[in-house]
Amino acid sequence: MKTSQTFQKLMQYVKPYRLFFVLSILLAIVAVVTQLYIPILFGQCIDCMIYQGHVDLARLATFGSKIGILIMVNAITTWFMNVVNNHMAFSIVKDMRAQIMRQIQHLPLSFLDGHGIGDILGRMIADVDQISDGLLLGFTQLFSGVITIVVTIVFMFRIDFWISLLIVLMSPASFFVAKWISKHSYRMFQKMTQTREKLTAYIEEMVGNEKIIQSFGYGQRASHTFQNTNQDLQDYSQKAIFYSSLTNPSTRFMNSLMYAVVVGVGSIFILQNALTVGSLSVLLSYANQYMRPFNDISSVVTEFQNALACANRVFEIMDAPQEPQENPNDLIVNKESVDWQDVNFSYVPSHPLIQHVSFQVQPGQKIAIVGPTGCGKTTMINLLMRFYDIDSGAILIDGTDIRNVNRHSLRQQFGMVLQDTWIKEATVRENLCMGKIYSEDEIEAACQSCRSWDFIETMPNGLDTKINVHSLSQGQQQLLCITRVMLIKPKMLILDEATSNIDTRTEVLVQQAFDTLMKGRTSFVIAHRLSTIINANQILVMKDGQIIERGKHDELLAQNGFYANLYNSQFEQIA
Ligand SMILES: Nc1ncnc2c1ncn2[C@@H]1O[C@H](COP(=O)(O)OP(=O)(O)OP(=O)(O)O)[C@@H](O)[C@H]1O
């Protein structure tokens, strides 16, 4: 996206705060005019001191009190302007974060799968913070900078035309030096942001999988990669700061040069009686004031360019195409029958995955999907839940094509228990009653039937005990997740490899809980341990995205094919 487009988009977020925007400009005008009027009064004070021992004290006192009042007005308006600007900048970034959050909820899963969590986190937190810094500096220094330049020009020309012209003609030199520097620092700031993103994603990945890293002794390699990226971040940050810190010394040098020229020319004018000492002191003060905003603006430009680079990354999320317009029709399920008709799907067009998959599920049946890793089991669930849409064929539920109904009503029909359990930092009750409040009796009954009551009962505050992922074993987490699904009483179930990672005794409990949950419900089960699906009504054996065998456990064993091999190899492992 072009910088001008990014800027225009960013300004859309400023629009709701236009009243504050106007107020900020008015306050900046008052602050600048009061500040610039003070040197005129000081100049007049100097001209009151006619020569040694001869000072007009009465006029000096009048000017002194005027200076005092202006200083106070200036301080109050500057403070108030900062309050207004802070309010605007922080409100804008709050709005942006809220919109990103809303957008994420409407993005297709493929977008989230394609970007790491660290990347999205970085855009939402660090990049938006950077935008806030850029906007704040922009509001605070850009407004008053531009107003200072305009008002100074007016005041200066009223005092002396030629010296003022000299100042105005010399000032662009300093500005161009600053612009040249900021062009280079922008490139470095961009690289710095990208590397910081990479580092955030890496830390998130490594810290989240610390146990696995340690068990594989991967720590040293992980920290080596971390150190390299960290080093890159240091290099880019230092270069970015190096260039941007050149701005001040170089522009100050140019200013001092101009100051010296004004002193020289001004002295000649005084000798010719064309200027008073007081007026020269006012002009010198203005020469200084006039250049300062140029310097400020150039550092604002650097910061603002950095903010625009970040805004660009944030808008990539905001502009990502949302899931296609939802069909207004709700899925109405009575019998819970499912029909897959010649379904084909691929994540990447050049690599076909699910190919010509057809099967029928009668209401209340338990369907097991088995097969080697990567054969497409989880993908089948992704298609059934419409996390991804199929490329061709059809999936019908009670005769309705799931593409002809909205996703929300489709997903409401299913209860899911996945291998990755989700326990939030809250009480047991809050973890169980997600989205709906249940009575004490309902919760207890569900916990009893799903075997989670035994350990909940032993907790210090029972259902009101605060828990998190670390305070529960893997098996306990799964029992809670099963209870949670039991409470919502879904019409159909999806259980994805839910019995791995737990000890044998808990596995028996979890299996019993699953059996209770599945009673009378159409269920899809993905299990690596074939012993848990012996009683399934239909087992679909998958390989490379195709169903290569199907039938009941005994029938498949009798075929002595792929499934029989898989089953016997697991049985031998256990024996
Ligand atoms: N979001 C995705 N984008 C691209 N490819 C993907 C995506 N998700 C899965 N795949 C690929 O699709 C293939 C099937 O993946 P899937 O997760 O369905 O397999 P699975 O049978 O469930 O495997 P496992 O038993 O290991 O969980 C794999 O090769 C995988 O790399």
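Residues 63-84 are 100% helix and 0% strand in this predicted model, with their end C-alpha atoms 31 Å apart.

**The chain as a whole**

The chain contains 18 helices and 14 strands. Of its 575 residues, 32% are buried. Among contacts with a separation of 6 or more, 81% are between residues 24 or more positions apart.

One helix, α2, spans residues 18-48 and includes Leu 19. Leu 19 counts as exposed because it has 10 C-beta neighbours inside 10 Å. The C-alpha atom of Leu 19 is separated by 9.9 Å from that of Met 88, although the two residues are 69 apart along the chain.

**Nonpolar cores**

The largest nonpolar core has 63 residues, and those touching the most other members are Ala 368, Ile 369, Ile 482 and Ile 539. Helix α15, residues 474-488, gives the most to this core, with seven residues. Another core lies apart from it and holds 56 residues, including Ala 89, Met 156, Ile 163 and Met 254.

Leaving aside residues up to four places away in sequence, Ile 539 touches Ala 368, Val 370, Ile 533, Arg 550, Gly 551, Lys 552, His 553, Leu 556 and Tyr 563.

**Strand pairing**

Strands of a sheet pair through backbone hydrogen bonds, in either a parallel or an antiparallel sense. An open sheet in this model is formed by four strands in the order β4-β3-β6-β7, with antiparallel pairing. The edges are held by β4 (354-361) and β7 (400-401), each with a single partner strand, so one side of each is left without a neighbour in the sheet.

Strand β3, residues 338-345, is joined to β4 by five bridges, and Trp 340 has Phe 359 of β4 as its bridge partner. Strand β3 also pairs with β6, residues 392-397, over five bridges; here Val 338 stands opposite Ile 397. Ile 397 in turn stands opposite Thr 400 in β7.

Strand β13, residues 538-543, runs parallel to β5, residues 366-370. In that pairing, Ile 367 stands opposite Gln 538. Strand β13 is also paired with β14, residues 546-551, in the antiparallel sense, and the bridge partner of Val 541 in β14 is Glu 549.

The bridge counts for several of these pairings are set out below.

| Strands | Sense | Bridges |
|---|---|---|
| β3 and β4 | antiparallel | five |
| β3 and β6 | antiparallel | five |
| β6 and β7 | antiparallel | two |
| β5 and β13 | parallel | four |
| β13 and β14 | antiparallel | five |

**Residues with positive phi**

Most residues other than glycine have a negative phi. Two hairpins contain a residue with a positive value. The hairpin of β6 and β7 has two residues between the strands, and Asp 398 takes a positive phi near 50° there. In the hairpin of β13 and β14, also with two residues between the strands, Asp 544 has a positive phi near 45°.

Positive values are also found in loops between other elements. Arg 451, which is not a glycine, has a positive phi of about 60° and lies in the loop between α13 (440-449) and α14 (453-457). Arg 451 counts as buried because it has 20 C-beta neighbours inside 10 Å. Lys 489, again not a glycine, has a positive phi of about 45° and is found in the loop between α15 and β11 (492-496). Lys 489 is exposed, with 11 other C-beta atoms within 10 Å.

**The ligand surroundings**

The ligand is surrounded by Asp 113, Tyr 347, Leu 353, Thr 373, Gly 374, Cys 375, Gly 376, Lys 377, Thr 378 and Thr 379. By class, this shell divides into three nonpolar, five polar and two charged residues. Helix α10, residues 377-384, gives the most to the shell, with three residues.

Technical notes
Residues numbered from 1 in each chain as written. Predicted model: local features only at pLDDT ≥ 70, side-chain atom pairs only at ≥ 80, totals over all residues. Near = placed C-beta within 6 Å. Nonpolar A, V, L, I, M, F, W, Y, C, P; charged D, E, K, R; others polar. Pairing = 2+ DSSP bridges. Buried ≥ 20, exposed ≤ 12 C-beta atoms within 10 Å, placed from the backbone. Contact = placed C-beta atoms within 7 Å. Core = buried A, V, L, I, M, F, W, Y, C linked by C-beta atoms within 7 Å.
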